[in-house]
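Hi there,

Here is the structure I promised to pass on to you. Please have it open while you read, as my notes refer to it throughout.

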Amino acid sequence: MLSQAKYIVISISIVLLIIFLGFFMVENDTTDFKKNAAIYELVSAKEDSGGWSYKIFYRRQLLIKQEYIPAVSGKQLFSSKKDAEKVGKLVIDKLKSNRSPTITIVDLQNYRVKFEE
């Protein structure tokens, strides 16, 4: 009977250990996700020519420097800080979702970014 009690205690201990380790691993994954959510930074800048541009930093290192509106012909600067930031935020959202950060004319139209066609 004593050996059966030891077997039950050992079995319960193993199950509790597995549950504890599983909880700990899930908690670490959540913590890592929260840390990764803040690793992108968007900085908009007023250019000497009067338009706006943006830079995206990843873990404090410059990842993207976008001086001109992407997807349009010619070198068009963003007409407002708001437009530059809308596109920059869209790029960051795409990067966080593991999608290509490519911007299309449709994206610009959907976000109501002003540009010359």
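First, some housekeeping. This is a predicted model, in which local features need pLDDT of at least 70 and side-chain atom pairs count only at pLDDT 80 or more, while totals for chains, interfaces and linings use all residues. Residues are numbered from 1 along each chain as its sequence is written, and side-chain values use heavy atoms, with hydrogens and water left out.

**The sheet**

Three strands make up an open sheet, in the order β1-β2-β3, with antiparallel pairing. At its edges are β1 (40-46) and β3 (61-66), each of which pairs on one side only. From one strand to the next, the twist averages 25°. (Axes here are lines fitted to C-alpha atoms, for helices over the stretch in contact, and angles run from 0 to 180 degrees between N-to-C directions.) Helices (H or I, at least four residues) and strands (E, at least two) are DSSP runs, numbered from the N terminus, and two strands pair if DSSP finds at least two bridges between them. As a reminder, strands of a sheet pair through backbone hydrogen bonds, either parallel or antiparallel.

β1 and β2 (residues 52-58) run antiparallel and are joined by seven bridges. If you want a spot to look at, S44 stands opposite Y54 in β2.

**The aromatic pairs**

Searching the whole structure gives two aromatic pairs. Rings of Phe, Tyr and Trp (its six-membered ring) pair if their centres lie within 6.5 Å; planes under 30 degrees apart count as stacked, over 60 as edge-to-face and the rest as tilted.

Y58 is partly exposed, at 31% relative accessibility. (Buried means under 20% relative accessible area, exposed over 50%, and partly exposed in between, with a 1.4 Å probe and protein chains only.)

Y54 and F78 form another tilted pair, 5.8 Å centre to centre with 45° between the planes. This one links distant parts of the chain, since Y54 is in strand β2 and F78 in the loop between β3 and α2 (81-96), 24 residues apart. Y54 is buried, with a relative accessible area of 1%, and F78 counts as buried at 1% relative accessibility.

**The salt bridges**

There are three salt bridges in the structure, a salt bridge being a side-chain nitrogen of Lys or Arg within 4 Å of a carboxyl oxygen of Asp or Glu.

- E67 and K65 meet through their side chains at 3.4 Å, N to O. E67 is partly exposed at 30% relative accessibility, and K65 is partly exposed with a relative accessible area of 47%.
- K86 pairs with D83, the closest N and O atoms being 3.4 Å apart. These two are three residues apart in helix α2, so about one helical turn separates them. K86 is partly exposed, with a relative accessible area of 21%, whereas D83 counts as buried at 4% relative accessibility.
- D107 and K94 meet at 3.0 Å, N to O. D107 lies in helix α3 and K94 in helix α2, so the pair ties together parts that are 13 residues apart in sequence. Both D107 and K94 are buried.

D107 sits in helix α3 (residues 105-110) and has a relative accessible area of 16%. Its side chain also reaches the backbone nitrogen of T104 at 3.0 Å. That is a polar contact: a pair of N or O atoms within 3.5 Å, where within protein one must be able to donate a hydrogen and the other to accept it, and residues adjacent in sequence count only if both atoms are side-chain atoms. Leaving aside neighbours within four places in sequence, D107 is in contact (heavy atoms within 4.5 Å) with L90, K94 and T102.

Q76 is in the loop between β3 and α2 and counts as buried at 15% relative accessibility. The side chain of Q76 reaches the backbone oxygen of S73 at 3.2 Å. Beyond neighbours within four places in sequence, Q76 is in contact with Y68, I69, F115 and E116.

Best wishes
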